[in-house]
Each structure stands twice: as structure tokens, then as C-alpha cells.
Amino acid sequence: MKFISHFIRVSSRRIPPFLHRIQYPVHTFHIQRRAMETTVHSAGIKDVYDVPMSVIQRPIPSILDEQKVVSLMETIKGETSEEEVPPIDLLWITGNEGGNYYFSFGGCHRYEAYRRLHRETIKAKLVRSTLRDLYHYMGSSAPIYLA
């Protein structure tokens, strides 16, 4: 139960001030589409933020399908609503001295499309995490201390 309550309280935690919340319009189609576009990590998280690309760490190299990246770039360029390209998930870890760290392990094609388009921000859901969580992704390569 403690594990589940941790994720329920996530939305009440303070978000760093440089992140801007994106307000999605609420309508039936949007809700039906969004149910298919969530991951196990962010299924209970509704808030989406514009996160600066410069703060995101991607410790594992991506293996990309070039056609998918190009297709996403075209979609992003012609995007008429925030719903067309789903947000990526970011592990948000607060360091030992209060710094904020953002790690991305999925959404590699979306991340690459935004990067190639020289976008300064990307839509993301913040998944509150710990160094222990990071260890599950990176094994012994995970840092043991974050400032």
C-alpha cells in the first residue's frame, strides 16, 4: 500500500518553477486516446509540463528508426493541438542537496524529433523517483550521489 500511496501523492509535490504546465482541453475523444498513450509509470499523472531539453539526461544511447523520427518531426511541425504528440516520461529525482535531475529512458523518437527541430522544450510527465529507482534502469552504472 505504501508503494501505491507514493504515486497518488506525486501530483501534490512541488514542481520546479521553470517548468510550465500544459493545459489539455478535456473532451471525450481526448480521454479515450490518452488511456492508450500512458505508461505504467505515468498512468496516474495528469499534469504535463514543458521541460527544457537542456536539463534532460539520457544515459542510454537510443536505437532509432529514421523514418519514425522524420514522421514525428513532420507531425510536430504541423501540430495543431497538444494532443497530437504524447508527452515523454521523465524520472524526476531530487538530489541530496536539493538539485533537480531529469532522466529519460523512453520516448527516444519523440526526444530526437524535438532535438532535431531545435525545440527548447519538450512535453513531459514527471514521475517522482529516487536513486533506487534509477538503479533499476542503469544497474551499477547509476550514480550513487546527486548534489
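**Salt bridges, cores and strand pairing in the predicted model**

Arg116 and Glu112 are four residues apart in helix H4, a separation of about one helical turn. Helices (DSSP runs of H or I, at least four residues) and strands (runs of E, at least two) are numbered from the N terminus. The model is predicted, with a pLDDT of at least 70 required for local features and of 80 or more for side-chain atom pairs, while totals for chains, interfaces and linings use all residues. Residue numbers start from 1 along each chain as its sequence is written, and side-chain values rest on heavy atoms, without hydrogens or water.

Arg116 and Glu112 form a salt bridge, with 2.9 Å between the closest N and O atoms; the term denotes a side-chain nitrogen of Lys or Arg within 4 Å of a carboxyl oxygen of Asp or Glu. Arg116 is partly exposed at 26% relative accessibility, whereas Glu112 is buried at 11%. These classes are set by relative accessible area (buried under 20%, exposed over 50%, partly exposed in between; 1.4 Å probe, protein chains only). Glu112 and Arg116 belong to a network of salt bridges that also links Glu66 and Arg115. The side chains of Glu112 and Arg115 make a polar contact at 2.6 Å. A polar contact is a pair of N or O atoms within 3.5 Å; within protein, one must be able to donate a hydrogen and the other to accept it, and sequence neighbours count only if both atoms belong to side chains. Leaving aside residues up to four places away in sequence, Glu112 touches Leu64 and Val69, where contact means heavy atoms within 4.5 Å.

Besides Glu112, the buried residues of H4 are Cys108, His109, Tyr111, Ala113 and Tyr114. Strand S3 (56–57), helix H3 and strand S6 are among the elements that cover the buried residues of H4. After H4 comes His118, with a positive phi near 55°.

Five salt bridges are counted in the model. One joins the side chains of Lys77 and Glu74, at 3.2 Å from N to O. Both residues lie in H3, three residues apart, or about one turn of the helix. Lys77 is exposed, with a relative accessible area of 51%, and Glu74 is partly exposed at 48%. Another salt bridge, at 3.0 Å from N to O, brings together the side chains of Glu79 and Lys123. This pair connects distant parts of the chain, 44 residues apart: Glu79 is in the loop between H3 and S4, and Lys123 is in strand S6. Glu79 is partly exposed at 23% relative accessible area, whereas Lys123 is buried at 4%.

Over the whole protein, five helices and six strands are assigned. Their order from the N terminus is α-β-α-β-β-α-β-β-α-β-α. Of the 147 residues, 36% are buried. Among contacts with a separation of 6 or more, 81% are between residues 24 or more positions apart. The accessible surface (Shrake-Rupley method, 1.4 Å probe) amounts to about 9200 Å², with carbon and sulfur atoms contributing 56%.

The largest nonpolar core contains 21 residues, and Val51, Ile56, Leu90, Ile122 and Leu126 have the most contacts inside it. At least two residues of this core come from each of S2 (48–52), H3 (66–77), S4 (88–94), H4 (108–116) and S6 (121–129). The greatest share is that of H3, with four residues. Ile56 touches Val51, Ile88, Leu90, Tyr102, Ser104, Tyr111 and Ile122, again without residues up to four places away in sequence. Another core lies apart from this one and has ten residues, including Ile45, Phe103, Met138 and Leu146. A nonpolar core is a set of buried Ala, Val, Leu, Ile, Met, Phe, Trp, Tyr and Cys residues joined through side-chain atoms within 4.5 Å. In soluble globular proteins, nonpolar side chains tend to be buried together.

Strand S2 is mostly covered, with four of its five residues buried. S2 runs antiparallel to S6, and four bridges join the two strands; pairing requires at least two DSSP bridges. Within this pair, Tyr49 stands opposite Ala124 of S6.
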